[in-house]
Amino acid sequence: MAAAEFGWLGLSFMNSRKERNRPAKTESIVTAGSVERFTPGTVTAVPVGQFYLACLGDGSFLALSRTCTHLGCSVPWDEEKNKFVCPCHGSTFSLTGEVLTAPAPRPLDTYPVRIENGIVKVDTSVTQKRERFEPAQATRI
Ligand code: FES
């Protein structure tokens, strides 16, 4: 019995050390630019954060992952076609990241956007998965 208790105490001690050594999840804020810089109805690549900032027709913002939700290829924005086109298997996504053409199973993931003193900031430490676009997902001034 004492050996079992000693073993349990040892494991507890080791687990608590693991928790202490695990890095805390921290915000990773990327400044995309001033609100005026973005024209409604456009998509801007933000290379430093590896995301796209979509400025929707009403001036609200969505930060979109550039990773395809099918098998993870990087999805470029096609300005002429006005949509994201995945080069791997042909999925396409709208300005809001919604699937227009399969095989992608769901919209592009998003990151939280906030606007502080007229500056658009994106937290790339939090990936938000979604089943569809809803206007409440966009951040307004
Ligand atoms: S990885 Fe994009 S369609 Fe397959």
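A residue is called buried when its relative accessible area is under 20%, exposed when it is over 50%, and partly exposed in between, with a 1.4 Å probe and protein chains only. The model shown in these views is predicted, so that local features need a pLDDT of at least 70 and side-chain atom pairs count only at pLDDT 80 or more, while totals for chains, interfaces and linings use all residues. Residues are numbered from 1 along each chain as its sequence is written, and side-chain values use heavy atoms, with hydrogens and water left out.

**View 1. An open sheet of four strands has the order E2-E3-E4-E9, with antiparallel pairing.** The strands at the edges are E2 (42–46) and E9 (110–111), each of which pairs on one side only. Here strands (E, at least two residues) and helices (H or I, at least four) are DSSP runs numbered from the N terminus, and two strands pair if DSSP finds at least two bridges between them. E3 and E4 run antiparallel and are joined by five bridges, and Phe51 has Ser65 in E4 as its bridge partner. Five residues lie between these two strands in their hairpin, where Gly59 takes a positive phi near 85 degrees. On to E9, strand E4 is joined by two bridges, again in the antiparallel sense; Ala63 has Tyr111 as its bridge partner in E9, and Leu64 stands opposite Thr110.

**View 2. Strand E4 is covered on both of its faces.** Phe61, Ala63 and Ser65 lie on one side and Leu62 and Leu64 on the other, and all of them are buried.

**View 3. The largest nonpolar core has 17 residues.** A nonpolar core is a set of buried Ala, Val, Leu, Ile, Met, Phe, Trp, Tyr and Cys residues joined through side-chain atoms within 4.5 Å. The members that touch the most other members are Val43, Ala54, Leu56, Leu62, Leu64, Phe84 and Phe93. Strands E3 (51–55) and E4 (61–65) each supply at least two residues of this core. Another core, of 14 residues, lies apart from it, and includes Phe38, Val113, Val120 and Val122. In soluble globular proteins, nonpolar side chains tend to be buried together. When the neighbours within four places in sequence are left aside, Val43 is in contact (heavy atoms within 4.5 Å) with Tyr52, Leu53, Ala54, Trp77, Phe84 and Leu95.

**View 4. A search of the whole structure finds four aromatic pairs.** The rings of Phe, Tyr and Trp (its six-membered ring) pair if their centres lie within 6.5 Å, and planes under 30 degrees apart count as stacked, over 60 as edge-to-face and the rest as tilted. The ring centres of Phe38 and Phe61 are 5.7 Å apart and their planes stand at 80 degrees, so this pair is edge-to-face. Phe38 lies in the loop between strand E1 (29–34) and E2, and Phe61 in strand E4, so that the pair links distant parts of the chain, 23 residues apart. Phe38 has a relative accessibility of 5% and counts as buried, and Phe61, at 1%, is buried as well. For Trp77 and Phe84 the centres are 4.7 Å apart and the planes are at 65 degrees, so this pair is edge-to-face.

**View 5. An open sheet of four strands has the order E5-E6-E7-E8, and its pairing is antiparallel.** Its edge strands are E5 (77–78) and E8 (99–101), each pairing on one side only. Strand E7 (residues 92–93) pairs with E8 in the antiparallel sense over two bridges, and Phe93 has Val99 in E8 as its bridge partner.

**View 6. A disulfide joins Cys73 to Cys88.** With a disulfide taken as a pair of cysteine sulfur atoms within 2.5 Å, a search of the whole structure finds one, and its S to S distance is 1.9 Å. The torsion about its S-S bond is about -95 degrees, so the disulfide is left-handed. Cys73 lies in the loop between E4 and E5, and Cys88 in the loop between strand E6 (83–85) and E7, so the pair ties together parts that are 15 residues apart in sequence. Cys88 is partly exposed, at 37% relative accessibility, whereas Cys55 is buried with a relative accessible area of 1% and Cys86 is buried with 4%.
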